[in-house]
Structures are given as C-alpha cells and as structure tokens.
Amino acid sequence: QLFLIKRGFLASRRNTGYFGLITEAAVRTFQCQQNIVCKGNRYTTGWGVVGPKTRGVLNTLKGN
C-alpha cells in the first residue's frame, strides 16, 4: 500500500494493511499503467493480484 500511495494510486488514508477492494482497484490501475495486464480478472489473468509479474515491476520501480 505504501508503494501505491507514494505513486498516487491509493489515498494515504487507505494505508490499513488490509488488501481489500480499494487496494485491488489500485493494483489494477498500476498493472494497466505498467502494461502488465489490463483485462480479465484475478483468476484468469491475475488482474488485481500482486503476482510474479507485478512483483517484478514493483521491485524494479521500488528504488526510483
């Protein structure tokens, strides 16, 4: 959540540690912006889930 907040995908008041619908929507927006995945759902394409591809991009951007 802190990464998503820092990048403007999630409001700071949403820093709860809970991965709910609002955090999932922020992850989807991030995934779409980064050309990871932009359609489907968590079960078919992983859209909204922080899986291996998303973690890889997060790790790359983390230092920036």
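This is a predicted model: local features need pLDDT of at least 70, side-chain atom pairs count only at pLDDT 80 or more; totals for chains, interfaces and linings use all residues.
The largest nonpolar core is made up of twelve residues, namely Phe3, Leu4, Phe9, Leu10, Ala26, Val27, Phe30, Ile36, Val37, Trp47, Leu58 and Leu61. Two or more residues of this core are given by each of helix H1, which spans 2-6, helix H2, which spans 21-33, and helix H3, which spans 52-62, and the largest share, three residues, comes from H2.

In H3, the buried residues are Thr54, Leu58 and Leu61. Viewed down the axis of H3, these buried residues fall within an arc of 70°, and they therefore line one face of the helix. An α-helix has 3.6 residues a turn, so that residues three or four places apart point the same way. On the face of H3 that is turned away from the buried side, the exposed residues Pro52, Lys53, Asn59 and Thr60 are found.

The largest pocket has a volume of about 170 Å³, and its lining consists of Gln1, Phe3, Leu4, Tyr18, Phe19, Thr23, Val27, Phe30, Val50, Thr54 and Leu58. H1, H2 and H3 are the elements that give two or more residues to this lining, with the largest share, three residues, coming from H2. When the lining is sorted by class, eight residues are nonpolar and three are polar, whereas no charged residues are present. Phe3, Leu4, Val27, Phe30 and Leu58, which belong to the largest nonpolar core, are also among the residues that line this pocket.

The loop between H2 and H3 includes Asn35 and Ile36. Asn35 has a relative accessibility of 71% and therefore counts as exposed, the cut-off being over 50%; although Asn35 is not a glycine, it has a positive phi of about 60°. Asn35 and Thr54 are 19 residues apart in sequence, and their C-alpha atoms are 9.9 Å apart in space. Ile36, by comparison, is one of the residues of the largest nonpolar core, and, apart from its neighbours within four places in sequence, Ile36 is in contact with Phe30, Gln31, Lys53, Thr54 and Val57. For Ile36 and Val57, a separation of 21 residues in sequence goes with a C-alpha to C-alpha distance of 8.4 Å.

Definitions and conventions:
Residues are numbered from 1 along each chain as its sequence is written. Side-chain values use heavy atoms; hydrogens and water are left out. A nonpolar core is a set of buried Ala, Val, Leu, Ile, Met, Phe, Trp, Tyr and Cys residues joined through side-chain atoms within 4.5 Å. Buried means under 20% relative accessible area, exposed over 50%, partly exposed in between (1.4 Å probe, protein chains only). Helices (H or I, at least four residues) and strands (E, at least two) are DSSP runs, numbered from the N terminus. The arc is that of the directions from the helix axis to the C-beta atoms. On a 1 Å grid over the protein atoms alone, a cavity is a set of points where a 1.4 Å probe fits but cannot get out, and a pocket is an open set with protein on both sides within 12 Å along at least five of seven lines; lining residues have an atom within 4 Å of a point. Grid points are joined across faces, edges and corners, and a volume is the space filled by probe spheres set on the points. Ala, Val, Leu, Ile, Met, Phe, Trp, Tyr, Cys and Pro count as nonpolar, Asp, Glu, Lys and Arg as charged, and the others, Gly among them, as polar. Contact means heavy atoms within 4.5 Å.
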